[in-house]
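The notes follow in the order I checked them.

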Amino acid sequence: MFVEYGNSVKTENEQPATNSEAMQEKLIIGMTDGRMYELYAQWIKGLDLSVEIVRLGYALDNLHEVAKCRGLVFTGGEDVYPKHYGKEGYLSYCEACDFDEQRDDFELKLLTQAHEKQLPILGVCRGLQLINIFYGGTLIPDLPVWGKFNHSRLPNGKLPYHEIQINENSLLYEITGAKSGMVNSLHHQSANRIGRGLLVSALSADGVVEAIERVDPTNGPFLCLVQWHPERMEDMESVFVKNIGEAFIGAVRLM
């Protein structure tokens, strides 16, 4: 299966790189700073030795470095402040200690640049939520209060696993080849109203959004947003880990 991603399509006149050239060429990928950053970096670099990661964060004051990146990974972490999706009344359902407004502001600026540069994007957990907001979507501030199962840590501190159902007419299905499967979970918020030009490609049994992508995958660069944590799945060969990471890197290589 080959999917053409917007402006990333190669023309007939372009010559493919030889194997040696492909191995030597560095793929520079930007990755947002945050909790467990090293796990995300190890996962992506472990999939392709040619990947070089640029750590992007407000504390590094390096928004300008997106200019050299060919793709971006938006990692997990803090809740997004409700003002960014017009729901400041949701503050009482959030944990005040779990906000980082400087990170929100930095990463929204980063998304603006990524949109302008038409970069492939992979978003994980908070990444899914922030990008949904960027496209005009909203969030559920606390899943149990909204009548959903608890999707955060178990009492023993381990991550719960649950089944997801995948839309068979989605890019996610093309990437994974799976109609359903087990993924981990570490979040108390989720996407609610879905942003413009996006659609849900996977759901949990209680109707929580587990993956988002473009309505038309060919109408723009690669965009795959997942609510689970591929970087810390028990089975790193799972199609919900390896296939997703490799699809993103493949899209970056086409840039």
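I began with helix H6, residues 239–253, in what is a predicted model. I noted 15 residues and a reach of 20 Å from first to last C-alpha, close to the 21 Å expected at 1.5 Å a residue. At the start of H6, I found a side-chain oxygen of Ser238 within 3.0 Å of the backbone nitrogen of Phe240. I then listed the buried residues of H6: Phe240, Val241, Ile244, Gly245, Ala247, Phe248, Ile249, Ala251 and Val252.

Next I turned to strand S4, residues 121–124. Side chains in a regular strand alternate between the two faces of the sheet. I checked both faces of S4 and found them covered, with Ile121 and Gly123 buried on one side and Leu122 and Val124 buried on the other.

I looked up the partners of S4. Strand S3 (residues 71–74) pairs with S4 in the parallel sense over three bridges, and Phe74 stands opposite Gly123. I traced the chain from S3 through helix H3 (residues 101–117) to S4 and recorded a right-handed β-α-β crossover. Strand S11 (residues 223–226) runs parallel to S4, joined by four bridges, and Val226 is the bridge partner of Val124.

Last, I went through the cores. The largest nonpolar core has 36 residues, and Ile44 and Trp228 have the most contacts inside it. Elements that each supply at least two residues include S4, S11 and H6. H6 gives the most, eight residues. Beyond its neighbours within four places in sequence, Ile44 is in contact with residues including Leu122 and Ile249. I also logged a second, separate core of 29 residues, with Tyr85, Tyr90, Leu128 and Ala191 among them.

How values were computed
Residues numbered from 1 in each chain as written. Predicted model: local features only at pLDDT ≥ 70, side-chain atom pairs only at ≥ 80, totals over all residues. Heavy atoms only, no water. Expected span 1.5 Å × (residues − 1). Buried < 20%, exposed > 50% of the residue type's maximum accessible area, 1.4 Å probe, protein only. Polar contact = N/O pair within 3.5 Å; in protein donor to acceptor, adjacent residues only side chain to side chain. Pairing = 2+ DSSP bridges. Right-handed = clockwise from strand over helix to strand, strands pointing away. Core = buried A, V, L, I, M, F, W, Y, C linked by side-chain atoms within 4.5 Å. Contact = heavy atoms within 4.5 Å.
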